[in-house]
Structure formats: C-alpha cells, structure tokens
Amino acid sequence: MSHTNGIIKAPVNIAADIGYVLGTNSGDIGYNITNGAMNIWPKYKPFRNASKGWDTTTSAGHSARKTALAAVNYGFTDPNIAGLPSTRIFDPSNANSLQKFYINSANDPSGKPLNGWQYYRPTSTPFRVLDFDGYRHGAGHPVAIAPGNAGTVSRQYQNTTFSFALAPLVHDSTQVFTGDDGQLTLADFPDLVGKYFGAVLQKNNDPSVRIFATGTQLSANTQSVSVTFTPYNFPSGLLGDFTAYFFFSDTQIPQGTSSESALVYPIPGVWVRTVTIVASLYTATISATKVGNSVRAEYTISNAGTSAHTFATNEMRCRYASVTSWNAVEDAAESAQNKDLGSITVAAGATATGVVNFTNIDSTLAASCRIWGKFGNNDEIAPFAVSPLTPNPA
C-alpha cells in the first residue's frame, strides 16, 4: 500500500491505494477511472491518450512523463479548436462567445466549471495503474478569484476602484503557482503565458451593456494577476446588476465598452462573479417639520453596500436662509443650533434613522430657518439642506 493523505505514490495497488483514496474500495482499475470519483484537477492522473503512459519510474521516466503530460495540457483541451478556447465577442446568442463557455460548460464531479475546456478521461483500455503515481485526490483547480463577490460598488467617488485578483490556491500551506507538487497551476498551460488577465462586466438584463478591462500580464513566474475597474469613469447608463466573466487576452484592453479584436481565453476552474453598480453607495435624507418656533428633523442614512459602514462624523444644524453653507461662521444674529450625532454605523443594505429637535428658535427668524446635515466625510455623503415644512393645520 502506498498512499498518504490522499496522495498516491508508486508502487500502486488498485484496491488498497486507488480504490481507498477514491472512496470506491474497488479493485477494478477501469471502474475507478471512469465512475466519476476521480478528481480531474491533479497534475498526475489518467487521461485519454494511450501512447503517453508510464514506461518506467526511473528519473528518466519521470522526465519523459512530465514532457508528455505537458504536451497535452495534462489531459485538458478544447473540443472546438486545436488550441485553447477563444472568442472575439461576448454574445449570448453566439455559440463561440465567452459567456457561452461559462454558462454551458461541463463540470467535473466536484462541480468546478471547465469554461469551455474538456478533460479527456479514459473511456476504454488500456487503463494504466501507474497513471495514478503522484495523484493528489484533494488537488484543487489552478486558481481562485478574489474577492468571491465584488458586491456593490458606487460611481460617486472619483478615485474609487475595485479589483479582481487571480491568485494561486493554497496547498500544503504553501502558495503554489509554479512548481511540481501535483497541483495544477496556470504555469502548466504554456499557451497562456504572455496573455493579459481581464474581465468583462455584462449587465444581467441587457447583455449588450458591458465594459471590458485587462490588467497584469501572465509570465511563467507570475505569483498573482489582477484587473481593476474605476466605476466613476463608466458610461452614464452603466448601473444595475452585472456578471463578471474572467479571461486571458492576447492584447491589452483599456477599460471601455468594446473588446475590439482581441482574442480572449476562458480560464478553467474559475467561477463567474456578480457586481452591483449603484449611483450612490451612501445616501441620506432629512424630513423637517416646523411647529411654532421649534423644528422636528428626522434623518435617514442608507448603506447600499454589502458590508456595514461606519460614518464617523455626523452633524445637523439649524440655520437661516441667509446662510449658504453648513459650516458658515456663526454670529449672534444667526443664533445657530448645532447637534453632534457622534458615530453612526449602518449595516449592509440597511438604514439608520434618528430625530433631532431644535427649539427656542428666534421667532423673528423662524420662518426662514433651514436644517443642514453632514453625514460622514465629504466624500461619503455631501452636506445638504432642507427647509422645514409648515405643518398641516389639521
């Protein structure tokens, strides 16, 4: 028996090693390979190419095996073209579009997307026991996208960006992007070297509305790649719920609404992500009612984001019509009243409310008073004002 922590090493016993690690407890090599229990993501595993099997477990044999496996992308290929899957457009009605690769891709038994790629599992003899030498049952797909979900982003901040990062998965507490430990990495797909990591955001209810961008170029030694979007510079109509599709491109694509003529390549094992783009991430309202020489001001602060947000500095002030900014210099004639609201935390997708009562307003100036509000920093919610309403006589 020769397996440790789900890793099989020669000499390989069919039942005691392969059957045990796969959980089939079977001594039938054909059954173990074809029944779906085998993970397709380890670097070393059976694949449909009878001429590329083990000849010897010697050092020379190892070298020959690595060369042979790399030549066929470790059993992964695309059924439509000789090389990697590619497309020039993002059109859901086009069978060759990147969106189609993501939506209609076949999954391996663990549910990970292949995104237009296929894994050629052996379907008939010869089934080779030694193909399992080096097999890691817990191996993951080559990469992971972070963040898992970009959540809600706002167009309101000129310098705000959001980024998707493509990073190697963690294996044995080590970042593995290159190397030869049985975990597939992007470095194992040499056709991707030199390509640019990118993403397209496509509006869920209108696929014609989309925006592209590319970022880091992939090299054989790249540790991670990323692509960044700046919502402030999006076209005015780019609001709503979007799906992010990830790819490698043969050329750089500046942030914009057209991919021009760039060829793009879907990335095996990477899920799509969702993004909601809103005009304003944080908003506030004030409803003020004047009763005699007093004003009741109700405020609401809203957070459209996907995480709680704390507004550190919050104030409301009672001013008069002659005052044109919330922080105007006070003097005796204005008799300004100020209320420090302290720190306010608003949960994700929630609102916080409160009431401030301004009393004993100068009767000769009460008719022209206004309520000024400042919530958070100036780049969160800008100061604004409302005029108190005269209450309904009823």
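Here are some numbered notes on this predicted model, meant to be read with the structure open beside you.

1. **The big picture.** Start with the parts list: the protein chain has 4 helices and 24 strands. The chain runs to 394 residues, and 46% of them count as buried. Its accessible surface comes to about 17,700 Å², with carbon and sulfur atoms making up 48% of that.

2. **Who touches whom.** Look at the contacts between residues with a separation of 6 or more: 71% of them link residues 24 or more positions apart. Val-264 belongs to strand β14, residues 264-266. With a relative accessible area of 1%, Val-264 is buried, because anything under 20% gets that label.

3. **The cores.** As a rule, nonpolar side chains in soluble globular proteins tend to be buried together. In this model, the largest nonpolar core has 58 residues. The residues with the most contacts inside this core are Phe-76, Phe-132, Phe-164, Leu-201, Phe-229 and Phe-246. Strand β13, residues 240-249, gives the most to this core, with 6 residues. Apart from it lies another core, of 28 residues, and Cys-318, Val-356, Cys-369 and Val-386 are among them.

4. **Helix α1.** Which residues of α1 are buried? They are Asp-17, Ile-18, Gly-19, Val-21 and Leu-22. Viewed down the axis of α1, these buried residues fall within an arc of 170°, so they line one face of the helix. The cover over them includes β1, β2 and α2. Now check the two ends. At the start of α1, a side-chain oxygen of Asn-13 comes to within 3.1 Å of the backbone nitrogen of Ala-15. After α1 comes Gly-23, with a positive phi near 80°.

5. **Helix α3.** This one covers residues 59-71, which is 13 residues. From first C-alpha to last, α3 reaches 19 Å, close to the 18 Å expected at 1.5 Å a residue. Its buried residues include Gly-61, Arg-65, Ala-68 and Leu-69. Those residues cover an arc of only 95° around the axis, so they sit on the same side of α3. Just after α3, Asn-73 has a positive phi of about 50°.

6. **Asparagines with positive phi.** Asn-5 has a phi near 50°, positive even though the residue is something other than glycine. You will find Asn-5 in the loop between β1 (3-4) and β2. Is Asn-5 buried or exposed? Asn-5 counts as exposed, at 75% relative accessibility. Asn-25 is not a glycine either, and its phi is positive at about 55°. Asn-25 sits in the loop between α1 and α2 (29-34). Asn-25 is exposed as well, with a relative accessible area of 60%.

7. Pro-11 lies in the loop between β2 (7-8) and α1 (14-22).

8. **Thr-214 up close.** To finish, zoom in on Thr-214, which has its place in strand β11, residues 210-217. Thr-214 has a relative accessible area of 12%, and so it is buried. What does its side chain reach? At 2.7 Å it meets the backbone nitrogen of Ile-253. A polar contact of 2.3 Å also joins the side chains of Thr-214 and Gln-252. Leaving aside neighbours within four places in sequence, the residues in contact with Thr-214 include Tyr-196, Phe-197, Gly-198, Val-227 and Phe-247. Others in contact with Thr-214 include Ser-249 and Thr-251.

Note on methods. Residues are numbered from 1 along each chain as its sequence is written. This is a predicted model: local features need pLDDT of at least 70, side-chain atom pairs count only at pLDDT 80 or more; totals for chains, interfaces and linings use all residues. Side-chain values use heavy atoms; hydrogens and water are left out. Helices (H or I, at least four residues) and strands (E, at least two) are DSSP runs, numbered from the N terminus. Buried means under 20% relative accessible area, exposed over 50%, partly exposed in between (1.4 Å probe, protein chains only). Contact means heavy atoms within 4.5 Å. Accessible areas come from the Shrake-Rupley method with a 1.4 Å probe; for residues, only the protein chains shown count as cover. A polar contact is a pair of N or O atoms within 3.5 Å; within protein, one must be able to donate a hydrogen and the other to accept it, and residues adjacent in sequence count only if both atoms are side-chain atoms. The expected span of a helix is 1.5 Å times one less than its number of residues. The arc is that of the directions from the helix axis to the C-beta atoms. A nonpolar core is a set of buried Ala, Val, Leu, Ile, Met, Phe, Trp, Tyr and Cys residues joined through side-chain atoms within 4.5 Å.
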